[in-house]
Amino acid sequence: MRILHVLDHSLPLHSGYTFRTRAILKASQGRGWDVAGVTGPRQGDMRVSEETIDGLRFFRTPAPNPAPTPLGEWREIDGFARRIVDVARAWRADVLHAHSPVLNALAALRAARTLRVPLVYEIRAFWEDAAVGNGTGREGSARYRLTRWAEGWAVRRADAVAVICEGLKRDLVARGVDGRKIIVSPNGVDLHLFGAPPPPDAALIAELGLEGAETIGFIGSFYPYEGLDDLIAAMPALVARRPGARLILVGGGPQEAELRAQAAASPAAAHIHFIGRVPHDQVDRYYSVIDILAYPRKRMRLTDLVTPLKPLEAMAQCRLVAASDVGGHRELIRDGDTGTLFAPDDPMAIATALADLLADRPCWDARRVRARAFVERERNWSSNISRYQPVYQGLVEAAETGVSWSRLPFQPG
């Protein structure tokens, strides 16, 4: 079975999107499937039409001449659709598997009709909500409504739909999409990448001045929806209860300057450390010196519907996890069992939850073991990938026999 994945971007770029893609493709190879990816024009300035990275084959699409919205987007869709057709024909793809955003689905739908091959469309987030969350869009705007409409149009025309969590599935069903064509393919962790968690990095502890400290950390991108302003605002109350508390912020993003200014003005400024972006191969060092990974996401549609990847990675690293009580986190964390949940948008609730967890050190080891076991059992990519098997097989058989996918007895779970 040959599956061509239609992607916004991929390795060598680093993002949660590319790491999920890598995990899917690697796990697919482990099952004996032939897989490749074709990336859209937003991959960036590519000087090659094809390359192999980490044993994965990627085909590239040149960017069209720039144009204002919506002409620019339609040029992207048109050029990407033609590139998908060319690659799929030459590579002899059995199934197209497009991944959000919806521009990819629109291009893949055109290609699938031309090629007469089935299409799976996988939604990792509703892009209109993601734009609101990162501050580049406004809920209810014309662009928001158009993107939402396009998403529904694409979902209804795809042969099967995958989503990364139950929240997204419930939302699509509420819009009238047949739940039988939707599978949940949750975020997972490639445990081969993590292996045994490393011991605390003594050199890094000394470099950062963390000897004897109780460390709270965040590793990721600094977007408004992550709630890092609430975490910084919680630090004075946390330090009042736990004078050895330190906050380590690793990464960067659109909100970085604003967060640095907020931290500098805080009474707890001496307890807050911005590390900046670090090479991917150095991230484990920072995980090793952090006691609790904090994820204070704000409550909004994006965070209630979408499960993040970072808490799973922290659990795989045997780190303690504390997160806001939003829908996406509740799918990953059992409060008081595998992690701690606190009220969102509430710095005092964050401070209280973190202080209580820091004070309850005897519970740490057992909680870490339970969290790691949860990832191994329910969020391991080597097992998650099996959810695609009946979908792919059903689509290929339907294409070969001319039977409509909707008439197949299989119902995705």
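Predicted model: local features only at pLDDT ≥ 70, side-chain atom pairs only at ≥ 80, totals over all residues.
Start with helix α2, residues 71-91, and helix α3, residues 102-115. Their axes come within 8 Å and cross at roughly 45°. α2 and α3 are therefore oblique to each other. Their crossing is right-handed. On the α2 side, the contact includes Glu73, Phe80, Ile84 and Arg89. On the α3 side, Leu103, Leu106, Arg110 and Leu115 are among the residues that take part. By class, the residues of this contact are 12 nonpolar, 2 polar and 5 charged.

Now move to helix α9, residues 228-241, and helix α10, residues 256-264. They pack at an angle of about 10°, and their axes are 10 Å apart. α9 and α10 are therefore roughly parallel to each other. Here Leu228, Asp229, Ile232 and Ala233 of α9 meet Leu259, Gln262 and Ala263 of α10. The contact has 5 nonpolar, 1 polar and 1 charged residues.

The model has 2 cavities of 30 Å³ or more. α2 gives the most, with 3 residues. Glu76, Ile77, Phe80, Leu103 and Asn104 are among the lining residues, as are Leu7 and Arg42. The lining divides into 5 nonpolar, 2 polar and 3 charged residues.

The second largest cavity has a volume of about 30 Å³. Its lining includes Pro197, Pro198, Tyr287 and Arg319. By class, that lining has 3 nonpolar, 2 polar and 2 charged residues.

Conventions. Residues numbered from 1 in each chain as written. Heavy atoms only, no water. Axes fitted to C-alpha atoms, helices over the stretch in contact; angles between N-to-C directions. Helix = DSSP H or I, 4+ residues; strand = E, 2+ residues; numbered from the N terminus. Parallel < 35°, antiparallel > 145°, perpendicular 65-115°, else oblique. Left-handed = near helix turned anticlockwise from the far one by under 90°. Contact = heavy atoms within 4.5 Å. Nonpolar A, V, L, I, M, F, W, Y, C, P; charged D, E, K, R; others polar. 1 Å grid on protein atoms, 1.4 Å probe; cavity = no way out; pocket = protein on both sides within 12 Å on 5 of 7 lines; lining within 4 Å. Points joined across faces, edges and corners; volume = space filled by probe spheres on them.
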